[in-house]
Every structure is written in C-alpha cells, then in structure tokens.
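Please keep the sequence and the structure in view while reading the points.

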Amino acid sequence: MFDCIDTQMMQNALALARLGRFSTSPNPRVGCVIAHGSQIVGQGFHVKAGEPHAEVHALRQAGEMARGATAYVTLEPCSHYGRTPPCAEALIGSGVSRVVAAMTDPNPLVAGKGLAMLEAAGIRTESGLLETEARELNRGFLSRIERGRPFVRIKCAASLDGKTALADGRSYWITGEAARADVQTLRAESCAVLTGIGTVLADNPCLNVRAFPTLRQPARIVLDSKLQTPLGSHIISDDLSPTIIVTAVDDEERLKPYHAFSHIRILRSSENANGRIDLAALLPQLAELGYGEIMVEAGATLASAFIESGLADEIVLYQAPKILGEGRNLLTLPANPAVLTSEGEWESRSVELIGQDVKWVLRKK
C-alpha cells in the first residue's frame, strides 16, 4: 500500500523524467528520487542514451545516505548490461532497503528481471504507483516495444473553415508565432519528424528544432517512393539531423548521389496498390531502427492516409481564427456518415489557447 509520501516522491521522479523528454530516445524517459521518508537525499534523470541512467545520478548524489532509503523510479531498474551497467546492481550495492517502480519494463531484456534481482538481494520492491502517468510519459518507447511500431502523432494547422492553404498553395502563416513555437517543442519531443515528397518539393522544409538549443535534433523521414528528393533541398544540405529517405527505388545508380551524404540513410520499403509507400509495412521498420515517437508534418494526402489506415494515434490541430474561403482542405478522407450517429473514433484530450490560436489534442480511442 502506498501512502501520500510515496505518491509525492513518485510525482517528483516523474517531473525529473520529463526533463529528458528532448534527449533520451531511443531510451525511455526515467527519473529517480532516493528518500528517507519525506527527506530527499538524491535525485536524477536519464539525459541521453549511452550516458548514466537516472538511478546512477541519484545514487551518486545520495552517497552513503542511500543506505536504508527508498528509491522511487519511474520505470523498473534495468537488469542487463547494455551501454551502461545494470541499475539493479547499483541499487543493491548502495544499500537501499526498498525500491518503488511506477511500472515494470516491457522490454524483454528486463521485463520483471530487475525487480526480481532486487528481491533476491533482500530489497523490498513494489510497482504500479502512478503507472498511468509513467506510461503516458513513455508512450513512444512503450509503443515500439509492445506494439512493434512507433506512436504516431499527426500535426496539422488549419483556418476556422478547415483550410490549410489558399487555392494557389500559399499558407504562410495560418497560425501565429506562439503556435509555431509550440510546434518546435513537439518536434523536440519526437524521435523523428516524417513528411512526404510532396511537402519537400512544395515547401523545402528544414523540419528541425530552431527555437531553442537541444541536445538531440529529431531525425527526419521523407517518404519518397520514386526518389525525387532534390539534392539541393534543406533535407539534404542540412546535416544537423539524421535523415532517412524511404523509397521503393532499388537502382544503385540513382541512389549513389545520396550515399555521398553521411547523414542520409536510404531505407527501402514496399509500395501499396496506389504506388505510395506502404505505411503498415514501414512503421515496424522504423521501430526496429529505434524510433518510438514520430510526428507527421505533411500535406492532406499523407496525413489522411495515416488516419484512414488506422495508424495515427494522436492528432494535434492548431486552428487559427481566420477564414480563408476557397482553398486546400485539412484532410482528404472519404465520407463517413456513420459518425453522425456515433461517438466517433477520437476523443479530446485537451483544448488550449495558444496566442490567438486553439490547440486541440485528440487521441484514438
């Protein structure tokens, strides 16, 4: 049974874990607090893959004060040797008497083994405290491990009448500066930003984080089945972010110019019946490469394809108080009259005013 002090300590650990939301992928976001009752003697969070885990930072801060203390960790301590030693061993060596985990780790390399190792050493363990919050924090990591595909967020911006651009394609700027800055945060949280070749050819986007410094730029993924990405585009010339070009082309002569760029990776994937990249086949490939949370910033066709195929997990819609009239629609989906008499497949998670624009977050039920 958990008491109010346990809850407060785990809330502190979750707040620490959130500090790593821009930098930990492909690793999970993890925070750790070491305490004697309500007195915190050590705390830390995982900053970056390959660097010490949250428990190690907290134990270093606690020193001898860790002996007899309770360690609160947002994810079950690891039990295997990877790029760093097992955290379970570090906790055992520190002399802590109790470990509380928000959730067990579904990674087959851990999956209960960390807690079992602690128990075998005589340390009392408990799990499940604020598990819902911990799972939400690591939705991308969990999606990659449990579903074998990334968590997919569709980001879109539209006018009050549901238009993304004028009829001639002009769209700068539908939303205001505050909303555009918020998108930069979503990009930084994502493992990768995905777009289609149509957007690359029309807008020549950078798709990186420019509003603030970050330890890790998200990767960029371009769906380009016919290999049309211009060698002079920002996607190619900007080497600050690793970039994956997904194509069905297997002609090595056509691929050769792209291999000259060290930050470019060519990923071969299959096409669907419409001659476009097969999204259902692609997502497991991206999960295998370590991408857990992907944000789609694309035109109506690609965004609609993710939604229609049931592969979109979240929609973030920024809606501006503008009426464009005739123009390009937000989505291009077939009629769905059934939703008129049903609750639909999406539920609202939050609605927020950002500047003069509305940010609406929806999740698939």
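The points below concern domains, strands, a helix, a loop residue and salt bridges.

The structure is a predicted model. Its protein chain is divided into domain 1 (4-137) and domain 2 (148-364). A search of the whole structure finds 22 salt bridges, and 3 salt bridges are counted between domain 1 and domain 2.

**The two domains**

- The centres of domain 1 and domain 2, taken over C-alpha atoms, are separated by 34 Å.
- Contact between the domains involves 9 residues of domain 1 and 12 residues of domain 2.
- The size of an interface is often given as the accessible area lost when the parts come together.
- Domain 1 and domain 2 bury about 840 Å² between them, and 50% of this area is on carbon and sulfur atoms.
- On the side of domain 1, Phe-22, Ser-25 and Glu-136 lose the most area to domain 2, and together they account for 54% of what that side buries.

**Strand β12 and its partners**

- In strand β12 (residues 293-296), Glu-293 and Met-295 point one way, while Ile-294 and Val-296 point the other way; all are buried.
- Strand β6 (residues 151-158) pairs with β12 in the parallel sense over 4 bridges, and Phe-151 stands opposite Glu-293.
- Strand β8 (residues 192-196) also pairs with β12 in the parallel sense, over 3 bridges, and here Val-193 stands opposite Met-295.

- Strands β1 (31-36) and β2 (residues 39-45) run antiparallel and are joined by 6 bridges.
- Gly-31 has Phe-45 in β2 as its bridge partner.
- The hairpin has 2 residues between the strands, and Gly-37 takes a positive phi near 60°.

**Pro-28 in its loop**

- Pro-28 is found in the loop between α1 (4-18) and β1 (31-36).
- Pro-28 counts as buried because its relative accessible area is 14%, which is under the cut-off of 20%.
- Leaving aside neighbours within four places in sequence, Pro-28 is in contact with His-46, Leu-75, Asn-138 and Phe-141.

**Helix α7**

- Helix α7 (residues 177-189) has 13 residues, so at 1.5 Å a residue it should span 18 Å; its end C-alpha atoms are 19 Å apart, which agrees.
- The buried residues of α7 include Val-183, Leu-186 and Arg-187.

**Salt bridges**

- How far apart are the closest N and O atoms of Arg-29 and Glu-293? They are 3.6 Å apart, and the two residues form a salt bridge.
- The side chains of Glu-314 and Arg-153 meet in a salt bridge at 2.7 Å, N to O. This pair links distant parts of the chain, with Glu-314 in strand β13 (residues 314-319) and Arg-153 in strand β6, 161 residues apart.
- Both partners are buried: Glu-314 has a relative accessible area of 4%, and Arg-153 has a relative accessibility of 1%.
- Arg-187 and Glu-297 also meet through their side chains in a salt bridge, at 2.7 Å, N to O. Arg-187 lies in helix α7 and Glu-297 in the loop between β12 and α12 (300-308), so the pair ties together parts that are 110 residues apart in sequence.
- Arg-349 and Glu-347 form a salt bridge with the closest N and O atoms 3.6 Å apart. Arg-349 is partly exposed at 47% relative accessible area, and Glu-347 is partly exposed at 32%.
- Salt bridges that share partners join Arg-29, Glu-136, Arg-139, Arg-153, Glu-293, Glu-314 and Arg-363 into one network.

Conventions
Residues are numbered from 1 along each chain as its sequence is written. This is a predicted model: local features need pLDDT of at least 70, side-chain atom pairs count only at pLDDT 80 or more; totals for chains, interfaces and linings use all residues. Side-chain values use heavy atoms; hydrogens and water are left out. Buried means under 20% relative accessible area, exposed over 50%, partly exposed in between (1.4 Å probe, protein chains only). Two strands pair if DSSP finds at least two bridges between them. The expected span of a helix is 1.5 Å times one less than its number of residues. Domain bounds come from an automatic or database domain assignment. Contact means heavy atoms within 4.5 Å. Buried area is the accessible area (1.4 Å probe) that two parts lose on being put together, summed over both. A salt bridge is a side-chain nitrogen of Lys or Arg within 4 Å of a carboxyl oxygen of Asp or Glu.
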